[in-house]
Amino acid sequence: MTDALDRIVVADSAVDAVDVGTLPPLGVVPKKMHAQVIRPDRYGDPASAFAHEVIDTPTVGRGEVLVAVMAAGVNYNNVWAARGYPVDQVATRQRRGEVEDFHVGGSDASGIVYAVGEGVDGIDIGDEVVIHPGVWDADDPWVQAGRDPMIAPSAKIWGYDTNYGSFGQFARVQAHQVMPKAAHLSWAEAAAPTLVGTTAYRMLYGWAGNTLTEGDLVLVWGGSGGLGTQACQLVKDAGGRAVAVVSDDERGAFAMKYGAIGYINRRDFNHWGVPPLVDDTAGQKEWTAGVRAFGKRLWEIAGSREDPAIVFEHPGAATVPTSIFVCQPGGMVVICAGTAGFDAMVDLRYHWTRQKRLQGSHGTNDEQALAYNQLVIEGRIDPCVGRVLPMDDIALSHAQMGRGEEVFGNTVHLIGASGPEEGRSADWPRPRPTAGN
């Protein structure tokens, strides 16, 4: 039974905010907090869209939890949020009746529970947690019918479609998003992989008829990045063989460090983008030669004339034609983004006659997130932290990501943590406030 004091949110009117890199006493929630904030009048380049502001700390409602963010991971979704394109998230939320005229993004977090709303069981103040990004309305008829909640009309990505993500000192989340932090990881390590890891897990295990099985050959685009390194590890853990696509040999070696059996340097090929029209005989011949050479390189790495059972996609426009071409008959191209563009083209001749599947995948449900997180807790998946930066470099990291400046592994920003190694030792719990504080 949780002590009644554990569920009290203690608002200290004398404390408007605490410094970044510090925390108030456990359970004390300041009235205000530091955050990296996007506002519509700054939409555009992420370098100028984000600004350090002090804003009101969010409150929690029924079924919600307030987490003091120790570290926050970076994903492409808040490049889009900073641009206000393809969705103006602030305007979208205001149409739903929300009053805030700003966006606090961030869809990956490690942290400490500081407040628990009504109707929440099994989560206590002081718990060390990570957050998965799947959000939905528990009363949604789709969810009530027992269907996959991430396909429900109410499904959203926390910290992108919702406000008060991990780029503030306190984050507001739904209770079902909360998962235990792996004790052997630092705050930075724990914050790095959850969105990309749970996304990769759903892509590889979420689509019946084409789920990852032992021995499968899997082509992984962006194999040295945050998403790709998680995919390569998941494939290896299942007894499959991942082949990474990267932009140089150094990144190829990095992907192999995290489970790939080999890599293809995409700069060795030039057939990217939309193929020539079918009636363009010369253009079609040139493009087909390029994509066949790519497929031959894949065979060389696999050691046989074997095509991938699953192609793990996220660039989109530049790569989908190649993905569909090289995927084995009856196999699946599964895609979770369009970082190279949204206007992908599929040559249907290679799609219907060889009965291939082009599957969209988005976010995670609770079952998938918990299964992935257990692999992290057991030490079977490495977070692949590429770099750890301060909170005020959030604009910088998103601008770099938006420009396509590739980083090895995942980028993490420290929020409440004071150093990248903090969080492994058992330095909790902090003293609880006394009644009346």
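There are three cavities of 30 Å³ or more in the structure. A cavity here is a set of points on a 1 Å grid over the protein atoms alone, where a 1.4 Å probe fits but cannot get out. Grid points are joined across faces, edges and corners, and a volume is the space filled by probe spheres set on the points. Before going further: this is a predicted model, in which local features need pLDDT of at least 70 and side-chain atom pairs count only at pLDDT 80 or more, while totals for chains, interfaces and linings use all residues. Residues are numbered from 1 along each chain as its sequence is written, and side-chain values use heavy atoms, with hydrogens and water left out.

The largest cavity has a volume of about 60 Å³. Which residues line the largest cavity? They are Val-130, Ala-182, Leu-185, Ala-190, Pro-193, Thr-194, Tyr-372, Asn-373 and Val-376, where a lining residue has an atom within 4 Å of a point. Helix α12 gives the most to this lining, three residues. Helices (H or I, at least four residues) and strands (E, at least two) are DSSP runs, numbered from the N terminus. By class, the lining of the largest cavity has seven nonpolar, two polar and no charged residues. Nonpolar means Ala, Val, Leu, Ile, Met, Phe, Trp, Tyr, Cys and Pro; charged means Asp, Glu, Lys and Arg; the others, Gly among them, are polar.

Now a pocket, which is an open set with protein on both sides within 12 Å along at least five of seven lines. The second largest pocket holds about 620 Å³ of space. Its lining has 25 residues, and Glu-64, Val-135, Trp-136, Asp-137 and Gln-174 lie nearest its centre. Two or more residues of that lining come from each of β8 (170-174) and α12 (366-377), and β8 has the largest share, with three. The classes in this pocket lining are seven nonpolar, eight polar and ten charged.

Next, the helices. How do α6 and α12 pack, and at what angle? Helix α6 (residues 194-205) meets α12 at about 115°, with the axes 9 Å apart. Axes are lines fitted to C-alpha atoms, for helices over the stretch in contact, and angles run from 0 to 180 degrees between N-to-C directions. The two helices are therefore roughly perpendicular; angles under 35 degrees count as roughly parallel, over 145 as roughly antiparallel, 65 to 115 as roughly perpendicular and the rest as oblique. On the α6 side the contact, meaning heavy atoms within 4.5 Å, includes Thr-194 and Tyr-201, and on the α12 side it includes Ala-369 and Tyr-372. That contact has five nonpolar, four polar and one charged residues.

α6 also packs against helix α7 (residues 226-237), at about 50° and with axes 9 Å apart, which makes α6 oblique to α7. Among the residues in this contact are Ala-200 and Leu-204 of α6 and Leu-227 and Leu-234 of α7. Here the classes are nine nonpolar, four polar and no charged.

Last, the backbone. Most residues other than glycine have a negative phi, and most peptide bonds are trans. Tyr-85 and Pro-86 are joined by a cis peptide bond, with omega about 10°. Pro-86 sits in the loop between α2 (77-83) and α3 (89-95). Gln-355, which is not glycine, has a positive phi near 55°, and Gln-355 is in the loop between α11 (348-352) and β15 (357-360).
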